[in-house]
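Thanks for making time this morning. I would like to walk you through one chain, so please have the sequence and the coordinates open as I go.

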Amino acid sequence: MPYKEREIEKMYYTIGEVAKQFDVSTSLIRFWEKEFDILKPKKNRKGDRFFTQKDLDHLKIIYHLVKERGYTLKGAKQKLKENKQDVIDHVQMVDSLKRVRQFLVDLKQQLDWPTPSFHYHFQLRISLYRLSQTLPYAL
């Protein structure tokens with residue numbers, strides 16, 4: 001039976017790691033925490049914030065609304081209040097499409113090589129399989 005690689009996920013992320021992941025400042029993360037009640041990172045006695053995967057998912061939604069879609073904070077709060085599930089579904093679809101696009105760009109670059117080998121085709125099949133396993137939606 002072949003060994004299946006699993007990606008190891010951290011349970012908690014520091015505010016610096018989160019800020020780096022979203023390419024924003026730590027002060028913006030703290031500001032969003034005050035503004036959006038769906039963000040509730042754990043804090044230790046020192047007051048250091050530790051974000052769970054759920055917090056990262058909520059931050060991804062906030063980032064999508066405010067930074068990518070251009071909502072004001074008031075508009076983003078209203079959107080989350082009215083249609084939180086629709087926003088979540090939209091963000092997941094956008095993420096899936098970004099992964100597909102990146103895969104296709106990588107594939108195009110690989111196909112531009114002079115002569116693909118057997119090894120190349122084998123790697124391509126593995127990549128396609130892994131991509132199909134990561135997509136939450138059937139496209």
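Gly 16 is partly exposed in this predicted model, and the reason for that label is its relative accessible area of 36%, because anything under 20% would count as buried and anything over 50% as exposed. The place of Gly 16 is in helix 1, and its C-alpha atom is separated by 9.9 Å from that of Ser 27, which is eleven residues away along the chain.

Let me step back to the whole chain for a moment. Its secondary structure comes to five helices and three strands, and from the N terminus on the elements run β-α-α-β-β-α-α-α. Of the 139 residues, 29% count as buried, and among contacts between residues at least 6 apart in sequence, 60% join residues at least 24 apart.

The three of them form an open, antiparallel sheet in the order 1-3-2, with strand 1, residues 13-14, and strand 2, residues 42-43, as the edge strands, each pairing on one side only. Strand 2 and strand 3, the latter covering residues 49-51, pair in the antiparallel sense over two bridges, and within this part of the sheet Lys 42 stands opposite Phe 50 of strand 3. Helix 3, which spans residues 53-68, lies across strand 1 and strand 3 and runs at about 85 degrees to strand 3.

Which residues of helix 2 are buried? In helix 2, which covers residues 26-35, they are Leu 28, Ile 29, Trp 32 and Glu 33, and because they cover an arc of only 145 degrees around the axis, they sit on the same side of helix 2.

I would like to finish with a charged residue, Asp 55, which lies in helix 3. Asp 55 is buried yet has no salt bridge, and the nearest side chain of opposite charge, that of Lys 42, is 6.5 Å away, whereas a salt bridge would need a side-chain nitrogen within 4 Å of a carboxyl oxygen. What is Asp 55 in contact with, leaving aside its neighbours within four places in sequence? The contacts of Asp 55 are with Leu 39, Lys 40, Pro 41 and Phe 50, and Phe 50 is the residue that Lys 42 stands opposite in strand 3.

Terms used. Residues are numbered from 1 along each chain as its sequence is written. This is a predicted model: local features need pLDDT of at least 70, side-chain atom pairs count only at pLDDT 80 or more; totals for chains, interfaces and linings use all residues. Side-chain values use heavy atoms; hydrogens and water are left out. Two strands pair if DSSP finds at least two bridges between them. Helices (H or I, at least four residues) and strands (E, at least two) are DSSP runs, numbered from the N terminus. Contact means heavy atoms within 4.5 Å. Axes are lines fitted to C-alpha atoms, for helices over the stretch in contact, and angles run from 0 to 180 degrees between N-to-C directions. Buried means under 20% relative accessible area, exposed over 50%, partly exposed in between (1.4 Å probe, protein chains only). Lys and Arg count as positive and Asp and Glu as negative; His and the chain ends are not counted. The arc is that of the directions from the helix axis to the C-beta atoms.
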